[in-house]
Amino acid sequence: MTHELPALPYDYSALEPVIDTQTMKLHHDMHHGAYVKNLNAALEKHPNLQSKNVEELLRDLNALPEEIRTAVRNNGGGHVNHSMFWKIMKPQGGGEPNGAIAAIIKKSFGNFKDFQSKFNDAGAKQFGSGWVWLAGTPGSEDVRILTTANQDNPISQGLFPILGNDVWEHAYYLKYNNRRPEYLAAWWNVVNWDEINKRLETLKAHHEPAMAHR
Ligand code: MN3
């Protein structure tokens, strides 16, 4: 096993009532677990690629052998995306952003409320499965909101994700059913601004963030 499913940094029930226990169990153990399993299976015949971190593989998908390119894009993306996702949430999270991320949000979007509403709107409009992100250009403070389909990560576009929310139905359907905007609005109550500030540091400091942020 090259890549491993990271343990959740809190209990399955820790993000209640925003994210319900059963969703956390299925999402972490089954969905994320399957991405890791399928990523390892794709890399099985390519030992030279097994030692690279996944961000590195995602940064240049065209450099991958064609027969595993889609599998790495989807499952490697799923692994990286969810590994970030669990860490940027925490029990009793939320509130106003603090530190450097607060300043970047203010500078780029005017204020937190406007940023939230643009982010939530982009997430609500993403057709089908995907993610909504705040991402930036490595080595700069140039940030933007974007969405990607499926498990595509902004790293493949030369960007680095500071934070992102999962808008696949598996992330919210048990509790919120078809009401994705309600999930997007509630999610801010479990956001871990300290971890997001760490990711912002990585973005600003490194032109090759993947090397520093496994
Ligand atoms: Mn997911």
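First, the ground rules. This is a predicted model, so to speak of local features we need pLDDT of at least 70, and side-chain atom pairs count only at pLDDT 80 or more, while totals for chains, interfaces and linings use all residues. Residues are numbered from 1 along each chain as its sequence is written, and side-chain values use heavy atoms, with hydrogens and water left out.

Start with helix 1, residues 21–43. Helices here are DSSP runs of H or I with at least four residues, strands are E runs with at least two, and both are numbered from the N terminus.

Which residues of helix 1 are buried? Among them are Met 24, His 27, His 28, Tyr 35 and Leu 43. Buried means under 20% relative accessible area, exposed means over 50%, and partly exposed is in between, with a 1.4 Å probe and protein chains only. Their cover includes helix 2, helix 3, helix 4, strand 3 and helix 7.

Now the metal. His 27 comes back here. A manganese ion is coordinated by His 27, His 82 and His 170, each through NE2, and by Asp 166 through OD, at 1.9 to 2.1 Å. Donors are N, O and S atoms within 2.8 Å of the metal, or 3.2 Å for Na, K and Ca; water is not among the atoms, so sites may look incomplete. In sequence, the spacing of the donor residues reads H-x54-H-x83-D-x3-H. His 82 in helix 4 and His 170 in the loop between strand 3 and helix 7 link distant parts of the chain, 88 residues apart. Both His 82 and His 170 are buried.

Next, rings. How many aromatic pairs does a search of the whole structure find? It finds 17. Rings of Phe, Tyr and Trp (its six-membered ring) pair if their centres lie within 6.5 Å; planes under 30 degrees apart count as stacked, over 60 as edge-to-face and the rest as tilted. Take Phe 85 and Trp 187: centres 6.4 Å apart, planes at 10°, so the pair is stacked. Phe 85 lies in helix 4 and Trp 187 in helix 8, so the pair ties together parts 102 residues apart in sequence. Both Phe 85 and Trp 187 are buried. Ring pairs also build a cluster, including Phe 85, Trp 187, Phe 112, Trp 188 and Trp 193.

Trp 193 sits in helix 9. At 3% relative accessibility, Trp 193 counts as buried. Trp 193 touches residues including Gly 94, Phe 112, Leu 163 and Trp 188. Contact means heavy atoms within 4.5 Å.

Asn 75, in helix 4, is buried at 12% relative accessible area. Lys 90, in the loop between helix 4 and helix 5, is partly exposed at 29%. Lys 90 and Leu 15 are 75 residues apart in sequence, but 6.8 Å apart in space, C-alpha to C-alpha.

Key
Expected span 1.5 Å × (residues − 1). Lists of a residue's contacts leave out its neighbours within four places in sequence.
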